[in-house]
Amino acid sequence: MTDEIARLKADMARATPAPDPARRAANLRLAQENFDALQGSVETPRPTLRRPLMARLLDGVTTMIDRISLRGAALTTTAMVALGVVVALPFDVLAPLRVEYDLPIAIEEPEGVAVLDGDNETGAERARTTELPQVMAEPMPLAVGRDETAMGQIASESFAATAPTGAPPVAQRRVVPVPGDVVAPIEGDTEAFANGETNPLKSVQTDPVSTFSIDVDTASYSVVRSSLTRGQMPPPDAVRIEEMVNYFPYAYPTPEGDAPFQPTVTVLPTPWNADTELVHIGIQGDLPATDDRPPLNLVFLIDTSGSMQAANKLPLLKQSFRMMLGELRSEDQVSIVTYAGSAGRVLDPTPASQRTTIEAALDRLEAGGSTAGQAGLQQAYATAEEMAEKGEVTRVILATDGDFNVGLSDPEALKDFIADRRDSGAYLSVLGFGRGNLDDATMQALAQNGNGQAAYIDTLSEARKVLVDQLTGALFPIANDVKIQIEFNPATVAEYRLIGYETRALRREDFNNDAVDAGEIGAGHQVTAIYEITPVGSPAVRIDDLRYAPAEVTSTSDEIGFLRMRYKTPGDSRSQLIETPVMPGQGSVTDDIRFSAAIAGFGQLLRDGAYLGDWGYADAIALANGARGADPFGYRTEAVTLMRLAEALDRN
């Protein structure tokens, strides 16, 4: 043992290079470049980070150590010296950098050859032949810095230039400038949410018909939860009441007959106003037998831009998709497209049974660069069309913080772009990650126009709910372009208002126009819509009669209204119609219905509460507590906790 240690010491002494000022300067420069490039936003601290400067510098050094794999002991000493000095150096002004590797597709690694690249494997962990897939027409950016005139003066460099004399040969790396590839600094909170003014109270005599598109999104509830658990009231525009209500599973009656879903109407007293009533519409989608579902083609379109570095963004995204992979079948396929500065396919269509290959592709993803969302969408749709086969379901899942800053970034322009590709048959769903620069408006525009849904992932528990527990509903559509229209009877109803769905309003004539896009229902989905109505003669009537009123109502029907729904079977261009009258006292008031009313009241309190009178958080808590029921997943218990948090924050 003593002889072996002596030989090891002698080998280490021989491998250690003699001091060389030129080599040391080259290592320092290279370490500084990589350190700056890995920071994401060089000029300003990221808004989610609240740590001292020295702690952030040390984090950067740790990240760089993880990214740079040094194979062979010859460079260990000089590299560590360089890394140690970086901590004390100021941030430098660098041009945007893109890293290219001069490595062939397959590299034979004979004994004595050290290969330096950007992964985290060591020489012992890697096979003798290294397969490096050529995945993009142009190299993926490692990270970017600031756009300076010095950008074009950065010369090509090589790791080989820093190797000591006599060291093993090293594969080369070039650093080349990338014009215009710049991350705009985030100045504080840049979040943007899509919403409209609270739906107003309407007179049945002058405006008896209400028309809107259904909404199965749940993003708003998760954003509200994220805000409250951080000790902040959510921005009012972040509160879309229908998404809060639709977050929870309800046991509505299952469809009967050939229709893919069934509406159930219930009329009940309004919790916050004794002189009005609620018309509660619950829709239950059919849930086909698990064995009957068609093969699934998934394209993961992943934002790897610099804004995705935070722990609750790209790292959480990777964990979330790993959980989802366990729910897929061998006949399903997965492809991965990323975008940051430029777009590229990092995983060709791969059977879901090759889970190790898919997870390895996810593990290799790193954040850095600007957000070329348009290029990513184009590449993802091209990949989806390549994967699609008749009778299969093809879906693009965009995972992002919504920060599109290269290419199309305006929600209206994105809306047109997605609408042009909707007819390809590929659905587009959007998963939001992180806070601080969450562009909810863009995410909503994409999901609503891509025949998909939007969800916000703030925890692993939420990832499991969306991507595991509700996977079938999220990915397999049973009805497209679902619209709701209700005509209220002026003989029995004086006023009404739709609670939520502000961003889903349709014109009356849109209901019968099959060219107008609307929301989709997935297998097993539940959708809830709630109207508050004021009966004729109620003291709660707020709108005065017109001086020049329409002709006197002659209807003798005691109906509250008449409900119509239109939908298309996936693949069909012509819609089908469902109709049913709404009668006084209709339906049975269950815990599901009472709990959904509590959440509707909670959402109104978070927005403005203009129609709630003295009804407050304590009333919402009491109503929700009394209607929690079995609550097997704890979602309703969590909602009550959030109500208590909101009550305390609102009081302060």
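## Gln604 in helix α14

Gln604 is found in helix α14, which covers residues 591-607. In this predicted model, Gln604 has a relative accessible area of 4% and is therefore buried. Leaving out residues up to four places away in sequence, Gln604 touches Ile241, Trp272, Arg497, Ile499, Gly609 and Leu612.

## The chain as a whole

The protein chain contains 16 helices and 20 strands. Of its 652 residues, 52% are buried. Among contacts with a separation of 6 or more, 81% are between residues 24 or more positions apart.

## Thr534 in strand β18

Thr534 is found in strand β18, residues 526-535. Its relative accessible area is 3%, so Thr534 counts as buried. Apart from residues up to four places away in sequence, Thr534 touches Thr276, Val493, Ala494, Glu495, Ala540 and Val541.

## Helices α7 and α8

Two packed helices are described by the angle between their axes and the distance between the axes. Helix α7 (residues 314-325) packs with helix α8 (residues 355-363) at an angle of about 170°, and the axes are 10 Å apart. Because of that angle, α7 is roughly antiparallel to α8; the cut-off for this term is an angle over 145 degrees. On the α7 side the contact involves Lys318, Phe321, Arg322 and Leu325, and on the α8 side Arg355, Ile358, Glu359, Leu362 and Asp363. By class, this contact has 4 nonpolar, no polar and 5 charged residues.

Helix α7 has 12 residues, which at 1.5 Å a residue should span 16 Å; the end C-alpha atoms are 17 Å apart, so the two values agree. The buried residues of α7 are Leu314, Leu316, Leu317, Lys318, Ser320, Phe321, Met324 and Leu325. Of these, Lys318, Phe321 and Leu325 also take part in the contact with α8.

## Arg464 in helix α12

Arg464 lies in helix α12, residues 460-469. With a relative accessible area of 43%, Arg464 is partly exposed. Arg464 and Phe321 are 143 residues apart along the chain, and their C-alpha atoms are separated by 9.5 Å. Phe321 is one of the α7 residues that meet α8. Setting aside neighbours within four places in sequence, Arg464 is in contact with Met323 and Asp469.

## Helix α11

Helix α11, residues 440-449, is mostly covered, with 10 of its 10 residues buried. Just after α11, Asn451 takes a positive phi of about 60°.

## Salt bridges

Side chains of opposite charge can pair when their charged atoms come close. The count of salt bridges comes to 26. One of them is formed by Arg504 with Asp217, whose closest N and O atoms are 3.1 Å apart. This pair links distant parts of the chain, 287 residues apart: Arg504 is in the loop between β16 (493-498) and β17 (519-522), and Asp217 is in the loop between β6 (209-213) and α5 (219-229). Both Arg504 and Asp217 are buried.

A second salt bridge joins Arg355 and Glu359, with the closest N and O atoms 2.9 Å apart. Both residues lie in helix α8, 4 residues apart, which is about one turn of the helix. Arg355 has a relative accessible area of 34% and is therefore partly exposed. Glu359, at 21% relative accessibility, also counts as partly exposed, because the limit for buried is under 20%. Arg355 and Glu359 are among the α8 residues that meet α7.

Glu509 forms a salt bridge with Arg507, and here the closest N and O atoms are 3.8 Å apart. Glu509 is exposed, with a relative accessible area of 51%, and Arg507 is exposed as well, with 55%. Elsewhere, salt bridges that share partners join Arg225, Asp458, Glu462 and Glu638 into one network.

Definitions and conventions:
Residues are numbered from 1 along each chain as its sequence is written. This is a predicted model: local features need pLDDT of at least 70, side-chain atom pairs count only at pLDDT 80 or more; totals for chains, interfaces and linings use all residues. Side-chain values use heavy atoms; hydrogens and water are left out. Axes are lines fitted to C-alpha atoms, for helices over the stretch in contact, and angles run from 0 to 180 degrees between N-to-C directions. Helices (H or I, at least four residues) and strands (E, at least two) are DSSP runs, numbered from the N terminus. Angles under 35 degrees count as roughly parallel, over 145 as roughly antiparallel, 65 to 115 as roughly perpendicular and the rest as oblique. Contact means heavy atoms within 4.5 Å. Ala, Val, Leu, Ile, Met, Phe, Trp, Tyr, Cys and Pro count as nonpolar, Asp, Glu, Lys and Arg as charged, and the others, Gly among them, as polar. The expected span of a helix is 1.5 Å times one less than its number of residues. Buried means under 20% relative accessible area, exposed over 50%, partly exposed in between (1.4 Å probe, protein chains only). A salt bridge is a side-chain nitrogen of Lys or Arg within 4 Å of a carboxyl oxygen of Asp or Glu.
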